[in-house]
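Please open the model in your viewer and keep the sequence panel beside it. The tour below moves from one selection to the next and says what is found at each stop.

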Amino acid sequence: MSSGRRPRTETEEKKVKKGTLKQILLITDGCSNQGEDPVAMASLAQENGITVNVIGVLENDVIDEKGMAEIEGIAMAGGGISQIVYAEKLSETVQMVTRKAMTQTLQGVVNRELRQILGSDTSLEELPPDQRGEVMEVVDELGETSDLEVLVLIDTSASMKFKLPTVKEALLDLSLSLNARSGKNSFSVYVFPGKREEVGLLLDWTPQLDKLTSVFPKLAAGGVTPTGPAIREAVASFPKNRSLRGLLRRDEEQFLDETM
């Protein structure tokens, strides 16, 4: 029996193949204490079409209220999701957050398209069940076929010292999970603080996250937590944003001057 779905046009097929989802995956266990407001930097990321997701890693079974508020605020401003997790559950959480954020982003795109086609008050949730099911099939397909750029941003401040091996395992598991997709994957990994600067490049954009194994053992934890500068640098490092790096920094300097 036919599902009743019309065949996609050539243009729609090209959109499915050429779409690129961009994510920053922030892994941290504490509050920022240096540089710009990370929530403002997350808003900057979203303005550039980049979703910011945050995983808070528990320490001694607790995370303070300030840290929780910052994690949730960054994710909300960045249009992403946040999750608090014990270190031993980090691997499955990284995969879940990344895929859930992909679906959430795609649903947002679909809702915008529906409003343009059917009216400003129409959303995915308001469609009849059969139509909603068909749209979700398209969302699932886009999640598998769209190109994906994930920049992993790792807090390497002093309190993360004993959690870094778990972070390494989580990222390798993420690579294996995403490599099963038919769409192209590209990864980049930054750490904060860096050895000499607020943010350090650990792995430049590559389709092979397993290359991380050669450089990860050189990581050393210590220092402050410049989360805001790290997100700003992450935004500028996406392939199409690299030429905007200086402009972004000037904009943020102006923003700080106006708010001080």
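Begin by selecting helix H7, residues 227-237: 11 of its 11 residues are buried, so the helix is largely enclosed by the rest of the structure. Buried here means under 20% relative accessible area, with exposed meaning over 50% and partly exposed in between, for a 1.4 Å probe and protein chains only. Helices (H or I, at least four residues) and strands (E, at least two) are DSSP runs, numbered from the N terminus. The buried residues of H7 include Arg 232 and Glu 233, as well as Ile 231 and Val 235.

This is a predicted model, in which local features need pLDDT of at least 70 and side-chain atom pairs count only at pLDDT 80 or more, whereas totals for chains, interfaces and linings use all residues. Residues are numbered from 1 along each chain as its sequence is written, and side-chain values use heavy atoms, with hydrogens and water left out.

Next, show the sheet, in which 6 strands are arranged in the order E3-E2-E1-E4-E5-E6, forming an open sheet with mixed pairing. Strand E3 (79-85) and strand E6 (200-206) stand at the edges with a single partner strand each, so one side of each is left without a neighbour in the sheet. Two strands pair if DSSP finds at least two bridges between them. Strand E2 (residues 51-57) pairs with E3 in the parallel sense over 5 bridges, and Ile 55 stands opposite Gln 83 in E3.

Axes are lines fitted to C-alpha atoms, for helices over the stretch in contact, and angles run from 0 to 180 degrees between N-to-C directions. Helix H2 (residues 38-47) packs with H3 (residues 65-77) at an angle of about 20°, the axes being 7 Å apart. That makes H2 roughly parallel to H3, a term for angles under 35 degrees. To see the contact (heavy atoms within 4.5 Å), select Pro 38, Val 39, Ala 42, Ser 43 and Gln 46 of H2 together with Glu 70, Gly 73, Ile 74 and Ala 77 of H3.

Finally, go to Gln 104, whose place is in helix H4 (residues 90-118). At 33% relative accessibility, Gln 104 counts as partly exposed. Leaving aside its neighbours within four places in sequence, Gln 104 touches Gly 79, Gly 80 and Ile 81. The C-alpha atoms of Gln 104 and Gly 79 are separated by 9.0 Å, although the two residues are 25 residues apart along the chain.

Definitions and conventions
Angles under 35 degrees count as roughly parallel, over 145 as roughly antiparallel, 65 to 115 as roughly perpendicular and the rest as oblique.
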